[in-house]
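Thanks for coming. I will go through one protein chain today, from the whole down to single residues. Please look at the screen.

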Amino acid sequence: GFQNLKAVGGNLTINCGSQMDTIKSFNNLISISGNLSIYFRGDIEVFMSLEKLEEVGNLLEISSLNNAIIDLSSIQSLQTVGNSIILNGSISDFGSVQNLTEINGHLLIRNNMIIEDISSFNNLNFIAKGLEIASNPLLVSISGFSNLNSMDYFLVANNNFLSDIAGLNHPINLLHTFLQQSVIRDNFTII
C-alpha cells in the first residue's frame, strides 16, 4: 500500500468501484502539489482516511456517482487548497474541514442528495473565486462559513428545502464588481 507516502509531487486520482468501503492507504499523506481527484461509483458507503492531509496544491475534486455515499470526516488537517474544491454528489459529512482557511479558486457544493446542513467551513476566511451551493434537494440550513469575509461572488440556488442561511448572515466583502453574479434564487422555502 501507500501507508508511508507523505507527499505526491503531481496529481493523485483515485477511482473506486463497488468493492471498497474504506480507503486507509493514504493515512500519512501530508501534501499533494497537484490535483486530488476522487471518484466513487456504485451503491457503496466510503470512509476516506486522509487525516494528515494539510495541503492540495491545485484542485480538490470529490465526486460520488451512482448512489455512492462518501464520509469526509477524517480530512481534519486540510488548511489550504491552491485552486478550487468541487464536492459533487452524496457526501455525508463535511464536518472535518474545520482547519481549512483559504481556497484560491471556487468552492462548489452541488448535487448532494443527502446533506441537510452545511455546518462546517467555520475557519474558512477567503475564497478567491466563488461559493456555489446548488442542487442539493434536502439542504435545509447553511450554518457554517461564520468567518468567511471575502470572496468573488456567491450563488445559492435550487436547494428545495433551504430555509436558513445564518452562516452567510454577516458582512462579506464581494470582490466582483458585478452584483448580479451574487444571487440567492430558486430555493423553495427560503424566507
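Among contacts with a separation of 6 or more, 50% are between residues 24 or more positions apart. Keep in mind that this is a predicted model. The protein has 191 residues, and 46% of them count as buried. It has 20 strands and zero helices. Its accessible surface comes to about 8,800 Å², and carbon and sulfur atoms hold 48% of that.

Now to one strand, S8, which covers residues 60–65. How many of its six residues are buried? Five are, so the strand is mostly covered, buried being under 20% relative accessible area.

Next, the neighbours of S8. Strand S5, residues 36–41, runs parallel to S8 and is joined to it by six bridges.

The volume of the largest cavity is about 70 Å³. Its lining includes Leu60 and Ile62, along with Ile85 and Leu87. S8 and S11 each supply at least two lining residues. What classes of residue are in the lining? There are 10 nonpolar residues, no polar ones and no charged ones.

Most residues other than glycine have a negative phi. Phenylalanine 121 is not a glycine, yet its phi is positive, about 65°. It is found in the loop between strand S15, 117–118, and strand S16, 126–134. Is phenylalanine 121 buried or exposed? Phenylalanine 121 counts as buried because its relative accessible area is 1%.

A second residue with a positive phi is asparagine 158, at about 60°, and it is not a glycine either. Asparagine 158 is also in a loop, this one between strand S18, 150–157, and strand S19, 173–174. Its relative accessibility is 35%, so asparagine 158 counts as partly exposed.

Conventions. Residues numbered from 1 in each chain as written. Predicted model: local features only at pLDDT ≥ 70, side-chain atom pairs only at ≥ 80, totals over all residues. Heavy atoms only, no water. Buried < 20%, exposed > 50% of the residue type's maximum accessible area, 1.4 Å probe, protein only. Helix = DSSP H or I, 4+ residues; strand = E, 2+ residues; numbered from the N terminus. Pairing = 2+ DSSP bridges. Contact = heavy atoms within 4.5 Å. Areas by Shrake-Rupley, 256 points an atom, 1.4 Å probe, with all protein chains shown as cover. 1 Å grid on protein atoms, 1.4 Å probe; cavity = no way out; pocket = protein on both sides within 12 Å on 5 of 7 lines; lining within 4 Å. Points joined across faces, edges and corners; volume = space filled by probe spheres on them. Nonpolar A, V, L, I, M, F, W, Y, C, P; charged D, E, K, R; others polar.
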